[in-house]
Structures are given as structure tokens and as C-alpha cells.
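I open this notebook to record what I looked up in one structure, entry by entry.

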Amino acid sequence: MLRNFSLNKWQQDWDSGDIGRAIFNILPKVTLTPYSWSREPILFATDHGPFTSNLYRFWLHYSDICACGEKGDPLHYASFCHMTLSHHFTKPSAENTQLWWKTLL
């Protein structure tokens with residue numbers, strides 16, 4: 001009973017929260033079963049890791065702007081930035097973004 005209550009409360013918080021919305025679109029239901037993602041996809045999907053947007057959030061970089069002049073989030077580096085051109089993914093269209101994230105992870 002306590003487990004169900006906790007899961008329901010967690011789900012309510014996840015549904016109404018404002019943090020983690022990129023992940024919410026991929027995983028809308030909470031679960032106690034861990035996913036088999038490696039560290040790198042988790043850092044990429046959650047905008048953590050060595051990206052200027054994350055470094056700026058923790059005052060470890062002077063700006064959240066990439067050296068090319070755009071906002072330095074993971075999707076920018078993976079699909080747009082000319083400084084990482086040899087590592088690019090094809091950027092998804094707006095209607096296919098959620099499916100692209102699911103496929104990537």
C-alpha cells in the first residue's frame with residue numbers, strides 16, 4: 001500500500017512538474033524498474049555534462065552561448081554547431097522530435 005501511494009505521488013509530481021520535460025516526453029510514466037541506458041545518453045538527454053548550457057548553470061562557464069554564437073545545449077552540438085560537424089546527427093523535424101529522442105536513447 002505504501003509503495004503504491006509513493007508511486008502515485010511520484011507520478012503526480014512528475015506529471016505536474018516543470019523540471020525534466022525533455023525526459024518526460026520520452027518517459028511519461030514513473031517506474032521502479034531502471035532503464036538500461038549508459039551514462040552518456042543520460043547526460044545528453046538531460047542536458048548535463050560538458051555543454052556550455054550546463055556549465056553556465058553551475059557558474060563554471062561565463063555564458064551559455066557556444067563559441068559559434070548559438071545556445072550551447074546538447075542538441076545544438078549534436079546537430080548544428082560547425083565546431084562539431086564530424087559528429088553530427090540529423091536534426092529531427094518538430095513533429096518527429098519525440099520519436100527521435102526515443103530512438104536515440
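The entries below follow the order in which I looked things up.

**Entry 1: ground rules.** I am working with a predicted model, in which local features need pLDDT of at least 70 and side-chain atom pairs count only at pLDDT 80 or more, whereas totals for chains, interfaces and linings use all residues. I number residues from 1 along each chain as its sequence is written, and my side-chain values use heavy atoms, with hydrogens and water left out.

**Entry 2: fold and dimensions.** I counted six helices and zero strands in the protein chain, where helices (H or I, at least four residues) and strands (E, at least two) are DSSP runs numbered from the N terminus. Along the sequence this reads as α-α-α-α-α-α. I noted that the C-alpha trace spans about 55 × 30 × 25 Å along its principal axes. The radius of gyration of the protein chain is 16 Å, while a compact globule of 105 residues would have one near 13 Å; the radius is taken over C-alpha atoms, and the globule rule is 2.2 Å times the number of residues to the power 0.38.

I then looked up burial and found that buried residues make up 26% of the 105 residues, with buried meaning under 20% relative accessible area, exposed over 50%, and partly exposed in between (1.4 Å probe, protein chains only). Of the contacts (heavy atoms within 4.5 Å) with a separation of 6 or more, 23% join residues 24 or more positions apart.

**Entry 3: the largest pocket.** I searched for pockets on a 1 Å grid over the protein atoms alone, where a pocket is an open set of points at which a 1.4 Å probe fits, with protein on both sides within 12 Å along at least five of seven lines, and lining residues have an atom within 4 Å of a point. Grid points are joined across faces, edges and corners, and a volume is the space filled by probe spheres set on the points. The largest pocket holds about 270 Å³ of space. Of its 16 lining residues, G20, A22, A45, T46 and D47 are the closest to its centre. Helices α2 (21–26), α3 (39–45) and α5 (74–79) each give at least two residues to this lining, and α2 has the largest share with three residues. I sorted the lining into nine nonpolar, three polar and four charged residues, counting Ala, Val, Leu, Ile, Met, Phe, Trp, Tyr, Cys and Pro as nonpolar, Asp, Glu, Lys and Arg as charged, and the others, Gly among them, as polar.

**Entry 4: the second largest pocket.** Here I noted a volume of about 160 Å³. The lining is made of W10, W14, I23, L27, K29, V30, T31, T33 and Y35, which divide into six nonpolar, two polar and one charged.

**Entry 5: the nonpolar core.** I took a nonpolar core to be a set of buried Ala, Val, Leu, Ile, Met, Phe, Trp, Tyr and Cys residues joined through side-chain atoms within 4.5 Å. The largest one has 15 residues, and those with the most contacts inside it are I23, I26, F44, A45, Y77, W101 and L105. Helices α2, α3, α5 and α6 (97–104) each supply at least two residues of this core. Leaving out residues up to four places away in sequence, I found F44 touching F51, P74, L75, A78, F89, W100, W101 and L104.

**Entry 6: residues on α2.** N25 is found in helix α2 and counts as partly exposed, at 41% relative accessibility. Its C-alpha lies 9.6 Å from that of T97, although N25 and T97 are 72 residues apart in sequence. N25 touches Q98 and K102, again not counting residues up to four places away. A22 is also found in helix α2 and is partly exposed at 40%; the C-alpha atoms of A22 and H61 are separated by 23 Å.

**Entry 7: two loop residues.** Is W59 buried or exposed? I found W59 exposed, with a relative accessible area of 78%, in the loop between α4 (52–57) and α5. Phi of W59 is near 60 degrees, a positive value in a residue other than glycine. H82 lies in the loop between α5 and α6 and is exposed at 56%, with its C-alpha 9.8 Å from that of A67.
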